Amino acid sequence: MKKLILAGICMALGVVLSTTFIPVGPARIFPFQHMINVLLAVLVGSRYAVGAAFGTSCLRNILALGSPLAFPGSMIGAWLSSVLYKRYNAIWAATLGEAIGTGLIGAIVSYPVANFLLGKPLSLLTLIISFFMSSVAGACIGFAVLQILFRRNILHKEA
């Protein structure tokens, strides 16, 4: 029950924070879904992390705060982040999983969807760069938050 509650709170947080962006040069990145993916991967595991990513993407699309490209990116990132954390039992692994899962694999999977929805050809490199910038920034924020929580003994790592 605790995992479900935490995933629900993070879904709500993901929707609320989806309007916040960080300017990076001419681009705007929205890193907070990626931060939440890393947090949930470490705290509750793959089922809840992927479920929360799906739920957040649904709510963001219903409320016109996101795009359909959020589905493959966030869900693949949450899954790979969880898998790598479980395999290596290290926060850096969850961070790397989110960056690779969303930034590279999610962008590649989103490429045909983006071209279909936009109705004009889009460069795969453009999609990878934008996904990668956002996911790396968010994963690093998640890494920092988890490091602070563990070092202050607010959370305890299971061995």
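Start by selecting S81, which is buried, with a relative accessible area of 0%. Buried here means under 20% relative accessible area, exposed means over 50%, and partly exposed lies in between, using a 1.4 Å probe and protein chains only. Before going on, note that this is a predicted model, in which local features need pLDDT of at least 70, side-chain atom pairs count only at pLDDT 80 or more, and totals for chains, interfaces and linings use all residues. Residues are numbered from 1 along each chain as its sequence is written, and side-chain values use heavy atoms, leaving out hydrogens and water.

**Around S81**

S81 is found in helix α4. Helices are DSSP runs of H or I with at least four residues, strands are runs of E with at least two, and both are numbered from the N terminus. Now show the neighbours: not counting residues up to four places away in sequence, S81 touches N37, V38, A41, A94, G97 and E98. Such a contact means heavy atoms within 4.5 Å.

**Helix α2**

Next, select α2, residues 32-43. How many of its twelve residues are buried? Eleven are, so α2 is mostly covered. Among them are F32, H34, N37 and V42. The buried residues of α2 pack against α1, α3, α4, α5 and α6. The end C-alpha atoms of α2 are 16 Å apart, which agrees with the 16 Å its twelve residues should span at 1.5 Å a residue; the expected span is 1.5 Å times one less than the number of residues. Just after α2, look for G45, which takes a positive phi of about 95°.

**The nonpolar cores**

Colour L40, V42 and L146: of the 20 residues in the largest nonpolar core, these touch the most other members. A nonpolar core is a set of buried Ala, Val, Leu, Ile, Met, Phe, Trp, Tyr and Cys residues joined through side-chain atoms within 4.5 Å. The largest share of this core, seven residues, comes from α2. Zoom in on V42 and you will find that it touches Y85, A94, L146 and F150, not counting residues up to four places away in sequence. Apart from this core lies another, of six residues, among them A107, A114, L127 and F131.

**Along helix α6**

Select residues 124-151 for helix α6, whose 28 residues reach 40 Å from first C-alpha to last, close to the 40 Å expected. Its buried residues include I128, S134, G138 and L146. At the start of α6, a side-chain oxygen of S123 reaches to within 3.2 Å of the backbone nitrogen of L125. Just after the helix, N153 takes a positive phi of about 60°.

**Rings and loops**

The structure holds three aromatic pairs. One is F54 with F71, a tilted pair at 5.6 Å centre to centre and 55° between the planes. Rings of Phe, Tyr and Trp (its six-membered ring) pair if their centres lie within 6.5 Å; planes under 30 degrees apart count as stacked, over 60 as edge-to-face and the rest as tilted. The pair links distant parts of the chain, with F54 in helix α3 and F71 in helix α4, 17 residues apart. F54 is partly exposed at 40% relative accessible area, and F71 is partly exposed at 22%.

For a last stop, go to the loop between α3 and α4, the place of A64. Is A64 buried or exposed? A64 is exposed, with a relative accessible area of 65%, and has a positive phi of about 60° although it is not a glycine.

Technical notes: Polar contact = N/O pair within 3.5 Å; in protein donor to acceptor, adjacent residues only side chain to side chain.
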